[in-house]
Amino acid sequence: MDVLTAIKTRRSIGRPSQKPVAREVIETLLDAAAQAPSHHNTFPWRFHVLTGDARVALGERLAAALRRSLAEEGQDPESKQGQALLKAEAGKTMRAPVLIAVSSHPSDARDVVEREEHFACAAAVQNMLLAAHSLGLAMMWRTGDGSEAPEVKEWLGLAGRDQIIALVYVGWPEPGASLYPLTRRPWSELTEWRGFD
Ligand SMILES: Cc1cc2nc3c(=O)[nH]c(=O)nc-3n(C[C@H](O)[C@H](O)[C@H](O)COP(=O)(O)O)c2cc1C
């Protein structure tokens with residue numbers, strides 16, 4: 001698949017099948033991600049590849065974070081509604097057979113601008129999405145409140161200025177999986193031309 005076709009036809013698929021994805025396929029995605037540009041060549045991306053029980057463990061951390069925030073908001077996590085929310089949160093990580101958490105680890109080197117480190121990681125994620133699409137995989141870039149949660153960051157081993165840029169859900173699509181309709185806002189409405197005729 002050529003790159004323009006991949007860009008134009010890629011769409012998120014949130015719930016692929018649970019069919020396993022071979023490690024070599026995941027390695028291809030990571031290799032694509034790692035080709036992204038980074039200012040000063042700092043290579044700030046870090047990948048955490050989760051499958052099997054590792055997804056359960058991440059789900060537990062997401063639920064722990066939600067439990068804390070419910071309590072902070074004065075809601076009772078032990079109530080029937082609270083328990084239902086926690087169960088749903090814990091189950092989110094099971095929506096695909098593989099999750100790739102992409103985190104940003106900003107370099108301490110002189111002249112490095114922190115936000116550019118995060119931008120570079122976002123470029124790495126998009127490379128990963130396009131590579132996955134070109135291989136016929138279903139994928140979805142997710143974040144949500146959990147990606148900011150200390151419970152999750154600590155579990156992934158992040159510290160300091162590290163940030164979670166994406167939780168990429170990856171799997172093989174269900175046969176006949178349909179995409180919800182989405183019309184893009186035309187770039188022409190969002191573009192200013194200067195110096196052109
Ligand atoms: C930074 C970022 C964070 C996202 N987080 C979520 C998320 O938490 N949950 C979700 O359902 N989709 C999330 N998405 C996916 C977008 O909703 C999706 O890409 C968008 O609707 C366009 O659909 P498409 O990917 O099929 O073109 C995220 C996308 C980006 C770029």
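1. The ligand is surrounded by Arg-11, Ser-12, Trp-141, Arg-142, Thr-143, Gly-144 and Leu-182, where a residue is near a molecule if its C-beta atom, placed from the backbone, lies within 6 Å of it. This is a predicted model, in which local features need pLDDT of at least 70 and side-chain atom pairs count only at pLDDT 80 or more, while totals for chains, interfaces and linings use all residues. Residues are numbered from 1 along each chain as its sequence is written.

2. The chain has 6 helices and 4 strands, taken as DSSP runs and numbered from the N terminus (helices are H or I with at least four residues, strands are E with at least two). In sequence order the pattern reads α-α-β-α-α-β-α-β-α-β.

3. The 4 strands form an open sheet in the order E1-E2-E4-E3, with antiparallel pairing; two strands pair if DSSP finds at least two bridges between them. Because strand E1 (45-51) and strand E3 (138-142) stand at the edges, each with a single partner strand, one side of each has no neighbour in the sheet.

4. Strand E3 is joined to strand E4 (residues 163-171) by 5 bridges, and these two strands run antiparallel. Within E4, Tyr-169 is the bridge partner of Met-140.

5. The C-alpha trace spans about 65 × 50 × 40 Å along its principal axes.
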